[in-house]
Amino acid sequence: MPSPPKSLPMPEMPLDALAFHHAPVGIALTESRVVLDCNPAFAELFGGTPDAMRGIALVRLYPCVDDYERIGAAGLKVMRDTGRYHDERVMQRLDGTLFW
């Protein structure tokens, strides 16, 4: 009878932090529309690093202030009603280039 597998070494960071850091999609934690933290995929999407993105006001990532205000108001209402919000829109990288 084969012996049971040996235990794998525990990761150096909690599993939720590993999942956040290595997720293939961009994830940002925000408060008052300011980036508190983000994973590398989010930072790469906007042309930065996680360190460079921390503290950035989300308005910098929108093509114009009108979009920021309009989408923010619509998103806030949906989030308050349902607890979730998603959409697709044109955004702006740190270097000013637009993407969708």
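These are my notebook entries on selected residues of a predicted model.

**Basis.** I worked with a predicted model, in which local features need pLDDT of at least 70, side-chain atom pairs count only at pLDDT 80 or more, and totals for chains, interfaces and linings use all residues. Residues are numbered from 1 along each chain as its sequence is written, and side-chain values use heavy atoms, with hydrogens and water left out.

**Entry on N39.** I looked up N39 and found it in the loop between β2 (34-38) and α2. N39 is buried, with a relative accessible area of 0%. My scale calls a residue buried under 20% relative accessible area, exposed over 50% and partly exposed in between, using a 1.4 Å probe and protein chains only. The N39 side chain reaches the backbone oxygen of V25 at 2.8 Å. Setting aside neighbours within four places in sequence, I listed F20, H21, A23, V25, G26, I27 and P50 as the contacts of N39, where contact means heavy atoms within 4.5 Å.

I noted C38 as buried, at 3% relative accessibility. T49 lies in the loop between α2 (40-45) and α3 (50-53) and is partly exposed at 43%. From C-alpha to C-alpha, T49 and C38 are 8.8 Å apart in space, while 11 residues separate them in sequence. I recorded C64 as partly exposed, with a relative accessible area of 33%. How many disulfides does a search of the whole structure find? The search returned 0, a disulfide being a pair of cysteine sulfur atoms within 2.5 Å.

**Entry on Q92.** I placed Q92 in strand β3 (residues 91-92). Is Q92 buried or exposed? Q92 counts as buried because its relative accessible area is 19%. The side chain of Q92 reaches the backbone oxygen of R60 at 3.4 Å. Not counting residues up to four places away in sequence, Q92 touches F46, R60, L61, Y62, P63, T97, L98 and F99.

**Entry on W100.** I found W100 in the segment after β4 (98-99). W100 is exposed, since its relative accessible area is 73%.

Conventions. Helix = DSSP H or I, 4+ residues; strand = E, 2+ residues; numbered from the N terminus. Polar contact = N/O pair within 3.5 Å; in protein donor to acceptor, adjacent residues only side chain to side chain.
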